[in-house]
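Subject: Structure for you to look at

Dear colleague,

Here is the structure I said I would pass on. My notes on it follow below.

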Amino acid sequence: MIETLHSGLSIQRQCALLGLNRSSFYYRPAEESALNLELMRRIDEQYTRTPFFGSPKMTEWLKRQGFPVNRKRTCRLMRTMGLKAIAPGPKTSRKHPGHPVYPYLLSGLAITRPNQVWSTDITYIRMTYGFLYLVAIMDWFSR
């Protein structure tokens, strides 16, 4: 929005009209070093193979590859890239007290013929670029 070659308004006046500090106008973010870019490339490749690696395990892996890095650096680079270890959160198997508990209707049933009982499940699988949904529909008699 600021025109550096404006004939009537100086950069100082344009910044004042926009409510912008001049230091923000002149600021150029520092670029990552070549070493950090190499580390980020290796972290990304390893994360694709092992998405359950957090920053401590990723740091140990990088050290075995010959890169002397500490955990804080690895953590910062992973955070910059938006990577986070895939792990279950706390108390994920606890039921909510307000949710109803439905009875299991197949407990005494003998499955003796096709098309008597069907089941379904849906899940997603992490791919290199995104996720793939997997749907399974199964006849319990023939499986």
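Phe-53 is buried in this predicted model: its relative accessible area is 10%, which falls under the 20% limit. Its ring pairs with that of Phe-52, edge-to-face, at 5.3 Å centre to centre and with 85 degrees between the planes. The count of aromatic pairs comes to four.

Another of these pairs joins Tyr-124 and Phe-131. Their ring centres are 4.9 Å apart and the planes stand at 90 degrees, so this pair is edge-to-face, the class for angles over 60 degrees. Tyr-124, Phe-131 and Tyr-133 are linked by ring pairs into a cluster. Tyr-124 has a relative accessibility of 51% and therefore counts as exposed, since the cut-off is over 50%.

The other item is a helix packing. Helix 4 covers residues 55–64 and helix 5 covers residues 71–81. Their axes lie 9 Å apart, at an angle of about 110 degrees. Angles of 65 to 115 degrees count as roughly perpendicular, so that is how helix 4 and helix 5 are placed to each other. Their crossing is right-handed.

On the helix 4 side, the contact is made by Ser-55, Pro-56, Met-58, Thr-59 and Leu-62. Helix 5 contributes Arg-71, Thr-74, Cys-75 and Met-78. Sorted by class, the residues in this contact are five nonpolar, three polar and one charged.

Regards

Terms used: Residues numbered from 1 in each chain as written. Predicted model: local features only at pLDDT ≥ 70, side-chain atom pairs only at ≥ 80, totals over all residues. Heavy atoms only, no water. Axes fitted to C-alpha atoms, helices over the stretch in contact; angles between N-to-C directions. Helix = DSSP H or I, 4+ residues; strand = E, 2+ residues; numbered from the N terminus. Parallel < 35°, antiparallel > 145°, perpendicular 65-115°, else oblique. Left-handed = near helix turned anticlockwise from the far one by under 90°. Contact = heavy atoms within 4.5 Å. Nonpolar A, V, L, I, M, F, W, Y, C, P; charged D, E, K, R; others polar. Phe/Tyr/Trp six-rings, centres within 6.5 Å; stacked < 30°, edge-to-face > 60°. Buried < 20%, exposed > 50% of the residue type's maximum accessible area, 1.4 Å probe, protein only.
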